[in-house]
Amino acid sequence: MIERSEVMGQPEPTLADQPSATGPAVDPAGLAARPASPVPGQPGPGQNTSDTARAGSASDAAELPVNGYPNGVDTVPHATATAGDLQPYAELGLRDDEYDRIRQILGRRPTQSELAMYSIMWSEHCSYKSSKVHLRQFSEKAPPSDRMLAGIGENAGVIQISDRLAVTFKVESHNHPSFVEPHQGAATGVGGIVRDILAMGARPVAVMDPLRFGAADHPDTARVLPGVVAGIGTYGNSLGLPNIGGEVVFDPCYQGNPLVNALCLGVLPVDRLQNKAAAGPGNIVVLMGAKTGRDGIGGVSVLASATFDEGSEQRRPSVQVGDPFMEKLLIEACLELYDAGLVVGIQDLGGAGLTCALTETAAAAGTGMRVWLERVVLREASMQPHEILASESQERMLLIVAPEKLEAVLKIAEKWGVPASAIGEVTGAAQPAADGQAGAEPGRLLVTWQGHTVVDVPPGSLVDDGPVYARPMREPADLILLQADRAETLPRPSTPEALRETLLRMIGSPNLCDKSWITEQYDRYVLGNTVLAQPEDAGIIRIDEQSGLGVAISVDGNGRYARLDPYNGAKLALAEAYRNVAVTGAKPVAVTDCLNFGSPEDPGVMWQFAEAVRGLADGCAELGIPVTGGNVSFYNQTGAAAIHPTPVVGVLGVLDDVAQRVPMGFARTTGADHDLIFVLGETRMELSGSEWAWVTHEHLGGVPPRVDLAGERTLAELVAEAARVGHLRSAHDLSDGGLAQALVESTLRHGVGARIAVPEGFTAGSMPFVFLFSESAGRAMVAVPRGHEKAFTALCAERGVPWTLIGVTDTNGGELEVRDHFTVGLEELRAAFTSTLPSLFGDNAAPIGSTVTEAVPAAAGGTDAGTTATPVDSAPVDSAPATATTPVDSAPATATATTPVDSAPATTPTPVDSAPVDADATGIPAEAATAPTATPADAGSSGPAPTGTGPDAGSRPAG
Amino acid sequence: MTARIGVVTFPGSLDDRDAARAVRIAGAEAVPLWHDDADLHGVDAVVLPGGFSYGDYLRCGAIARFAPVMETIAAGARDGLPVLGICNGFQILCEAHLLPGALTRNQHLHFRNRDQWLRVESAGTAWTNAFQAGQEVLVPVKNGEGCYVADERTLDELEATGRVVARYLHGNPNGSLRDIAGITNEAGNVVGLMPHPEHAVEALTGPSLDGLGFFTSILKHLAGAPA
């Protein structure tokens with residue numbers, strides 16, 4: 001019935017008793033006698049006649065050299081006998097000294113399979129050989145946490161959130177595959193992180209995707225972005241995981257190297273926590289999930305651990321191909337196995353495939369393993385052992401199962417239509433030699449193929465004994481000049497007209513504009529627990545329907561800041577994610593990170609990396625929340641040009657009751673009632689690295705905004721407390737684009753207008769501009785219902801958080817007014833805010849033919865090296881920027897004509913009345929007119945420490 | 001006695017838990033049904049939930065239509081068993097020929113998830129009797145292949161016989177002919193709906209509570225139906 005339930009029939013292995021170089025290959029569990037069809041009762045024969053034919057000739061092959069090897073395969077005895085043979089280790093990315101080390105470990109040359117295994121396990125991606133020495137700080141500086149049940153080194157960190165529940169979350173990169181093949185690259189990125197979460201014993205419940213692309217109007221972005229978005233959507237939607245947030249950032253530095261990071265959140269009962277250790281000699285090793293094919297071979301070494309150059313598109317075969325349906329079944333099967341208590345250990349297969357899973361599970365337990373490789377269910381019968389070991393075929397898990405539970409395990413796999421086969425067994429550990437292990441040498445991974453021993457290695461040598469490099473580091477030579485070139489000296493708008501024009505231009509710029517074109521391609525509702533999702537500051541998932549317990553997550557990064565100052569840039573990314581979680585009323589408790597950098601072989605990049613790690617570790621210590629896991633992605637560069645250092649930081653917070661969450665949009669009030677709008681925190685003249693400097697001057701220079709993590713912490717505590725007692729109707733973090741951006745987003749969310757005045761100290765010259773567009777950190781904008789303002793400001797004073805009353809919301813006003821400066825109708829704002837992506841990537845509300853057909857920009861095919869290949873996206877029309885010829889600014893008329901823009905939920909179909917119906921002429925309450933900058937301690941002097949970054953901050957000049 | 005509403009889980013079903021939650025919130029008992037089990041376990045009505053049954057390989061709903069449970073459901077539906085197909089469930093109902101027409105790829109070729117206004121055109125079905133005809137409701141849509149198509153004669157017949165259950169308002173999210181969001185069979189017991197009412201049953205997680213009406217309708221219907 002189930003299309004994919006059939007399991008492939010491998011030919012009956014006839015070889016279990018053949019001697020191997022290290023001793024007789026015995027089969028104590030009787031595996032060799034087990035029917036080849038791994039699922040009892042499932043007929044398995046006959047599907048792979050070619051394989052049968054080939055296997056049938058195995059004995060013949062003993063005499064005929066095939067592939068240059070006697071027996072057609074490079075065996076351990078053969079490797080011992082041909083120690084002098086040349087091997088292509090350099091092509092596999094291994095250095096001379098690394099290769100020598102392998103020979104030293106093995107006491108001979110590695111076999112072809114072993115060489116493949118070492119090359120992938122010792123690749124940068126798997127071994128963290130360049131980053132290890134720095135990443136230690138995450139553990140060494142970690143603040144104490146009584147919530148962390150699993151941390152760095154596990155598949156994902158696990159955080160306890162109640163007596164019986166825990167959550168697990170992690171962010172990972174899938175950058176290079178997503179450039180080579182955007183759709184599948186991004187899709188399998190989702191699949192990979194989901195399996196990490198699954199491997200911890202958790203049900204995956206949400207995903208988020210921080211994405212970075214080249215210039216929005218670059219023709220290759222029109223190839224990459226639609227494919228990436230469709231890939232994420234296809235995979236995540238098919239798994240039934242709500243996509244609740246993320247980022248979309250455009251910058252030319254990512255042109256040849258987009259960043260596709262994926263975060264997944266999972267939930268588990270505390271007692272269902274799984275681990276990857278292959279404990280218990282005699283236990284069975286089961287491979288469950290999709291068939292193993294030739295896809296993704298060398299993904300981690302060829303793709304992820306090398307710099308892109310000309311011809312990268314030829315690496316497309318190294319990209320895995322995803323089958324989300326199989327992953328969905330795999331999830332359900334695994335969860336049923338966990339609940340039935342049927343697995344001893346479990347590990348997902350991701351980068352480095354079976355090699356990684358076998359060696360990591362064995363190394364984690366200190367055990368050995370005996371594997372019959374021909375029992376792996378293959379998609380392509382002609383695969384060689386080294387290909388099977390290196391394949392990165394998706395949707396697979398490795399289970400360690402007690403022998404008496406094998407039948408039950410296979411039965412559940414069958415129920416869900418997931419192929420599963422027993423491929424080996426756990427053998428004894430090295431020290432206390434277990435009884436009854438007459439066979440494989442204890443503590444070694446022994447792999448045979450058709451009776452020939454192709455691998456015989458100590459598993460730990462691949463996992464833990466990889467090379468570790470303290471690579472040379474040097475501050476980039478251009479940094480001093482870059483930092484001296486401050487954006488604060490750029491010409492700033494000072495007239496009302498110029499301010500208004502700047503606002504409209506900014507909110508329509510690719511980084512600040514509405515991202516619905518992308519996020520509408522993701523399912524945000526499935527599972528029915530999404531309390532907040534993008535464009536909110538953080539996504540919130542209800543975990544416990546009874547108590548309302550839930551978690552908030554935000555993921556943020558700013559490559560420009562990190563380029564200007566990687567130490568503080570990493571802290572700023574942390575601060576922003578922390579703040580985004582905090583403004584929803586949640587208490588931040590844990591961190592995950594995805595560190596995207598250029599080549600570690602470039603001392604400048606390595607310095608950036610070291611500084612960013614140091615900043616993040618210090619920042620976590622200051623905020624009192626630990627890094628629980630994450631991922632490093634190096635070699636993000638094309639030729640000599642590295643991307644901006646881009647640490648992406650995810651922060652997870654806990655809400656005891658999600659009903660108390662604070663959304664970002666101004667709320668509709670009844671009658672003429674207004675909420676009061678406050679800005680919390682200090683606004684300084686901080687424009688370097690800002691979105692404004694980039695959009696209006698294409699400028700990047702100076703030093704990023706000051707970081708004050710103690711202040712962030714105070715702000716978070718204030719917001720949580722104010723939310724708890726009901727002082728807050730809405731809250732929105734201030735970051736990219738400053739206050740102006742926050743005002744626009746909060747007004748457009750539900751079509752509620754606002755009237756504000758710039759406070760004293762910001763009224764002269766270009767200072768209104770500074771107030772509106774500065775990107776000073778540690779700030780939030782909150783709306784407080786009338787009647788609560790006294791209690792709220794008293795709370796601010798008590799906590800030492802500077803506050804400024806700037807104005808009021810105006811439900812029926814239909815406009816955003818900055819008094820004495822300018823007024824913009826919400827519809828004009830909305831048109832400017834929403835038209836950018838549809839005009840760049842196709843108005844997906846338009847019927848086919850009306851806009852798409854006339855697009856045909858020569859650009860889409862392009863002369864760019866990366867775009868010569870036809871987009872392999874399943875939706876070719878996607879790649880045509882529908883209105884490439886239409887300048888963004890002139891597009892709104894057509895865009896809004898066909899796009900209903902009332903995406904604001906739960907409001908009226910006609911979101912905003914264009915006619916102001918307010919009795920109050922000025923609209924701004926008297927108290928706002930004086931706009932007391934009621935900083936309890938004078939801004940800038942005492943109060944929240946202006947720098948607060950400790951002695952480390954001294955190494956960089958502060959703003 | 002509490003009504004028992006079956007919710008079918010196919011391999012690849014995704015909104016089955018959501019449908020079950022909506023059934024419970026409406027006041028009925030949700031009974032899980034398994035694709036491979038032809039027994040309906042005595043349920044009073046059935047919901048075919050959203051998702052990607054069997055990966056939506058071949059064609060949306062084309063494989064699910066042959067599941068053992070569908071044979072029983074199809075037979076029951078012809079005898080008056082109330083069946084609501086949501087999204088993928090709607091696709092399955094069309095593939096099973098319990099409803100006319102077909103759902104094809106969205107005209108703009110993208111998956112789209114947004115909060116969508118609908119007009120309930122027919123309050124005469126087992127699943128819409130809690131609404132007023134003409135009532136406007138806000139319910140999420142999320143689909144990649146939700147573009148309803150049928151030949152002109154079928155469309156005319158659906159219109160003439162009041163079998164268009166709901167229509168998209170303020171913008172058609174997928175290019176469906178005549179803005180059709182849902183239809184019913186001649187008897188009014190089988191309803192296919194592309195939008196997701198099960199995602200609009202709680203203030204905290206949905207854009208409205210409008211979806212609940214589809215689930216309270218069936219309770220009303222069952223209460224009035226002969227045992």
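1. Helices (H or I, at least four residues) and strands (E, at least two) are DSSP runs, numbered from the N terminus.

2. This is a predicted model, in which local features need pLDDT of at least 70, side-chain atom pairs count only at pLDDT 80 or more, and totals for chains, interfaces and linings use all residues. Residues are numbered from 1 along each chain as its sequence is written, chains are lettered from A and ligands numbered from 1 in the order in which they are written, and side-chain values use heavy atoms, with hydrogens and water left out.

3. After α1(B) comes Gly27(B), with a positive phi near 110°.

4. Chain A holds 32 helices and 30 strands, and 66% of its 959 residues are buried.

5. Do look at the open, mixed sheet of seven strands in chain A, ordered β25-β27-β24-β28-β26-β29-β30; strands count as paired if DSSP finds at least two bridges between them. β25 (730–733) and β30 (822–825) of chain A are at the edges, each with a single partner strand, so one side of each lacks a neighbour in the sheet.

6. Within this sheet, β26 (residues 753–756) and β28 (residues 803–810) of chain A run antiparallel, joined by four bridges. Ile756(A) stands opposite Gly807(A) in β28(A).

Technical notes:
Buried means under 20% relative accessible area, exposed over 50%, partly exposed in between (1.4 Å probe, protein chains only).
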